[in-house]
Amino acid sequence: MTDGTAKISVRGLKKSFGRKTVLDGVDFDVAPGESLVIIGGSGTGKSVTIKCILGLIEPDEGTIEIDGDNATGLGGGDRDALMAKFGMLFQGGALFDSLTVWENVAFRLIRPRGASRREAREAAIDNLGMVGLGEDVADLHPAELSGGMMKRVALARAIAARPDIVFFDEPTTGLDPITADVINDLIVSVREKLGVSTVSITHDMASVRKIADRVAMLHGGRLVWTGSAGEIDASGNPFVDQFINGHADGPIAMDVRRP
Amino acid sequence: MNPLAAIGRTFLAFLSATGRTVTFAALALFHCATPPWYPRLIVRQVLDIGYYSLPVVGLTAVFTGMVLALQSYTGFSRFQAESAVAGIVALSITRELGPVLAGLMVAGRVGAAIAAEIGTMRVTEQIDALTTLSTNPFRYLVAPRMIAATLTLPVLVLVADVIGVMGGYAVSIHKLGFSPTVYLASTFDILKTMDVVSGLVKATVFGFLVALMGCYHGYHSRLGAQGVGQATTYAVVSGSILILTFNYIVTEIFFPE
């Protein structure tokens, strides 16, 4: 293992799609209980980074270690065992339309772990309680929920099997500022209660300031700055300054035709 | 643009698509044949694919049998061979029209639904979510649909055979003036076990192909509403073409001369 205490250790991660290089040598570690937030513009490879760690995308080069064990190129039972350590909150929730809320939350408890439906339902309702939802939503279908409730249910599903590491893909995108803040508070409270490590990707600076211990900025396929959340406003890094202030002018060039 | 290069590119794309489809089919077969299975999901798919297709398949069969009796009577009456109507109806329905028309109707109804459902799950990251929840999407999504379609289409075709023959019977008795006893006797005289069995084997193959095309195109759906729409269209078109192709191949195997 590269770092004796790292929960996740990523070294030299590279990924291209056709001729487009998305990741060009990304290195970072996440310590136990730490919250790392990766920021960066759209299309800079934030989601690809998370999907490589989760094994949803196979990297071209580089190593990924979880608790010191290799996490690339795994199949079958080894992949399933590794997945048991992960929880993932997808950008759109990715709740299963054909299942009720409680069946979504208890999905991992019923299928891979073989819990009875009664036990699984009770566990699902406990987890819904952790994200501020009552038993009354348990029998609804995802299509009957608002965007904020969907994110909460997806968060409850992500933590239901008590993972070691939880990933958040744009947890507040598409939500109004108040609901977004509620989700941020829930992420912080869940992390404190369960002691999990988290890796989040977001554009939302309010979210970054609330949930991050450490921030990494991805640009041009590489991490151009890493530092603690408190240092971000005085980073002295022109990429970070442009991003957090939302300026069109700066080292991050956008393909926009000027009038 | 070089026309030879365009032909070459199209041919290579065809070979590549064939390779991907065969690999997908092999993976699907592997997951259908090995545990764990999900019995609840298989039962639900049997209901969706089989039970809810009964009305459309039944209506297709009854009208096909009725038209077949009318048309064959019109043709055979010119040669005073009206007695052949019962046999023509029974053989056409059991060997060809039952399995092919039921297969095409199911390709339209079920193949499209499978592609749309799995395609939507792909674009909304639900398939990725399954993987992160330690659940193999092939076992959870593909295998139950393949097993259900392969098992239920022969049953649907058996029902279609009976309904189709009875459609021909109704027209022959009530409109063309055949004797019920003579009509049924001629039907059972001419019909051999192999005629029905060959139709059921075709139905098994067609069920597999319809579900395979629905799952394949849904699973590889491109992002966005247009991607799901295309997946649905491809599932129906490729499923229908494969049904017609394999209809000839299975017929050739059962009745080489």
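Helices here are DSSP runs of at least four residues, numbered from the N terminus. On that numbering, Tyr52(B) is found in the loop between H2 and helix H3 (54-76) of chain B. The model is predicted.

Tyr52(B) belongs to a nonpolar patch on the surface.

The interface of chain B and chain A was examined next. The size of an interface is often given as the accessible area lost when the parts come together. Chain B and chain A bury about 1700 Å² between them. Carbon and sulfur atoms account for 58% of this area. Three residues, Thr132(B), Leu133(B) and Ser134(B), supply 34% of the area that chain B buries against chain A. The contact takes 24 residues from chain A and 16 residues from chain B.

Polar and charged pairs also cross the interface. The count between the two chains is 5 residue pairs in polar contact, with both residues at pLDDT 80 or more. Across the interface of chain B and chain A there are 2 salt bridges. Glu125(B) forms a salt bridge with Lys51(A), and the closest N and O atoms are 3.0 Å apart. On the side of chain B that touches chain A, helix H2 (39-49) and helix H5 (126-132) each supply at least two residues. H5(B) gives the largest share, 6 residues. By type, the residues of this side divide into 6 nonpolar, 6 polar and 4 charged.

Over all chains, a search of the whole structure finds 21 salt bridges. In one salt bridge, the side chains of Lys7(A) and Asp164(A) meet at 3.8 Å, N to O. This pair links distant parts of the chain, 157 residues apart. Lys7(A) lies in the segment before strand E1 (8-17) of chain A. Asp164(A) lies in the loop between helix H6 (147-159) and strand E7 (165-169) of chain A.

Another loop of chain A holds Thr72(A), between strand E5 (69-70) and helix H2 (76-83). The side chains of Thr72(A) and Asn70(A) are joined by a polar contact of 2.8 Å. With neighbours within four places in sequence left aside, Thr72(A) is in contact with Glu58(A), Pro59(A) and Ile64(A).

Note on methods:
Residues numbered from 1 in each chain as written. Chains lettered and ligands numbered in written order. Predicted model: local features only at pLDDT ≥ 70, side-chain atom pairs only at ≥ 80, totals over all residues. Heavy atoms only, no water. Contact = heavy atoms within 4.5 Å. Buried area = accessible area lost by both parts, 1.4 Å probe. Salt bridge = Lys/Arg side-chain N within 4 Å of Asp/Glu carboxyl O. Polar contact = N/O pair within 3.5 Å; in protein donor to acceptor, adjacent residues only side chain to side chain. Nonpolar A, V, L, I, M, F, W, Y, C, P; charged D, E, K, R; others polar. Patch = residues over 30% accessible without salt bridge, like charges linked within 9 Å, V, L, I, M, F, W, Y side chains within 5 Å. Areas by Shrake-Rupley, 256 points an atom, 1.4 Å probe, with all protein chains shown as cover.
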